Structure formats: structure tokens, C-alpha cells
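Here is a brief report on aromatic contacts and nonpolar cores. Keep the sequence and the 3D view side by side.

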Amino acid sequence: MKKSEIKKLVGRTYFDSVDEMTPRDICMSYLKKHGWLVITMGEGGNGNEMLHTLNLDDFSRGKASFAYKNKVTRFVAIDASLSANDYMLYLAHELGHILLSHPLDALTPEHEQEANTFAIAFTALKPRFRFTRVISLVSALAFIVCAAGYFIGFNTGKAKATNIYPALAPAASASSDADPNKVVYYTASGDKYHNSGCPHIKGRPTLSTTLGQAEILGLEPCKSCLPDKD
């Protein structure tokens, strides 16, 4: 599916929900409305017994999340140990698989990249004012497209893959004099990547990725903490 179509899908899903809900609230509400359970797995998870009953213990081991359905049940399983920020990303990623009608038992790297694109766009949505019923659907979708483009830059080569599924990420394109595996940090609404101690991200929720993937995402180095990258 083309990125422009994925963005439209994000808009339709977002504005089909109640005003002033968080992206996580919207994901949970949408899944529940369409018959999907959301369970947690791993230590302290509420869905471990269900996974055992369905003989999914080995399948789920080592996974941060996955979506599953059969003739009698459907659910999204999320690792109980994830931070709130990562939980939201993985939840949106699995919602992307579902809304994009991906074959859950035969996912490809292209499917994973599309779900990553959906997750990044969805978690970046932060309306700056309350939408009311008098705002037309056309206007709402236009705002979403603009907001998604502003926050994460849907240009060629951007927002294609994140460290949600690092094994499926494309090869790093970092410059030869830098370690492409170095861990850097960025915010969902930012266009720069930073070192861990950068004052610009202190106290803010961040995502981590490698230097190579940060450049693939189209992020630029912070001029304060990474001046040598200019």
C-alpha cells in the first residue's frame, strides 16, 4: 500500500474516535469496537494462560508484540515489561497490521515497514485544539496529512522503518567515520537525533534507535550535542 494511502487510513481511524483521546486510548477503543482483545504477556502479563492454551508459548517468546486471530478469537499481545512509550508504539504497529489487512501468519519485511509507517504517524498525532462536530471530515483529514508530514516527514526514504523490528530494518547509511550502531535518541514530534545527555530531550519521552537508522528516518543531528556531525 502506498504511503499516501496509509496516511489517509491513519486519518480515518483517528477522526472516527472521540475528541481529546490519546493515541493509546484510540487504539484500545478501536480494537475493542472491532472485537480484538489486548492482552499482556511475559512476567506479570494477564494473557499468559491464553497463550499457553493456544500453544503459543514458543511463538510468543522473545517477541515484544504480535497480533493473532483464529476462528474463535482475535487479540493483540504486548510485552508487559515495555515502557508506556514503547507499549504505545507496538500497539499502534499491530493496529497497523490489522487495518492494512496484512496476513498475520505470513508477514513480510514490506508488511513490517508499512506497519512501522502507520505506528510512527499514529503516535505523532497531537492535535493542538479540540475538534468539534462542525469540522468537516475533509478538513480533519487535511490536518492529519499536514501534521503527519510536519512531524515525521513522509518524503522518500523517511519514516520507513524504526527499531520496532530492528532485524527487518534496512542497512544503515551512516557516514563511514561514525559508528552506525551507536544508540541515539529522538522525540516523536522532533526532526533531530541526540545523545542521551542532551538538554533538549531531558525530561521528555524519547525513542531510541541507531545512528544508521536515524539517518534512514531522515533525522538530522542535534547541533548542541552532536556538532561534529554537521
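## Aromatic rings

F66 is buried, with a relative accessible area of 4%. This is a predicted model. F75 is also buried, at 0% relative accessibility. Both values fall under the 20% cut-off, so both residues count as buried.

The structure has 3 aromatic pairs. In one of them, the ring centres of F66 and F75 lie 6.1 Å apart and the planes meet at 70 degrees. That angle is over 60 degrees, so the pair is edge-to-face. Y68 and F75 make a tilted pair, with 5.2 Å centre to centre and 35 degrees between the planes. One aromatic cluster is formed by F59, F66, Y68 and F75.

## Charges over rings

K63 sits over the face of F59, 4.2 Å from the ring centre. R24 lies over the face of Y87, at 4.1 Å from the ring centre.

## Nonpolar cores

In soluble globular proteins, nonpolar side chains tend to be buried together. Here the largest nonpolar core holds 26 residues. The members that touch the most others are C27, L31, V76, L91, L95, F118 and F122. At least two core residues come from each of α1 (3-15), α2 (23-33), β3 (74-79), α5 (84-99) and α6 (109-123). The largest share, 8 residues, is from α5.

Which residues does L91 touch, leaving out those up to four places away in sequence? They are R24, C27, M28, L31, V38, V76 and I78. A second, separate core has 13 residues, among them V184, Y193, A214 and L226.

Terms used: Residues numbered from 1 in each chain as written. Predicted model: local features only at pLDDT ≥ 70, side-chain atom pairs only at ≥ 80, totals over all residues. Heavy atoms only, no water. Phe/Tyr/Trp six-rings, centres within 6.5 Å; stacked < 30°, edge-to-face > 60°. Buried < 20%, exposed > 50% of the residue type's maximum accessible area, 1.4 Å probe, protein only. Lys NZ or Arg CZ within 6 Å of the ring centre and 35° of its normal. Core = buried A, V, L, I, M, F, W, Y, C linked by side-chain atoms within 4.5 Å. Helix = DSSP H or I, 4+ residues; strand = E, 2+ residues; numbered from the N terminus. Contact = heavy atoms within 4.5 Å.
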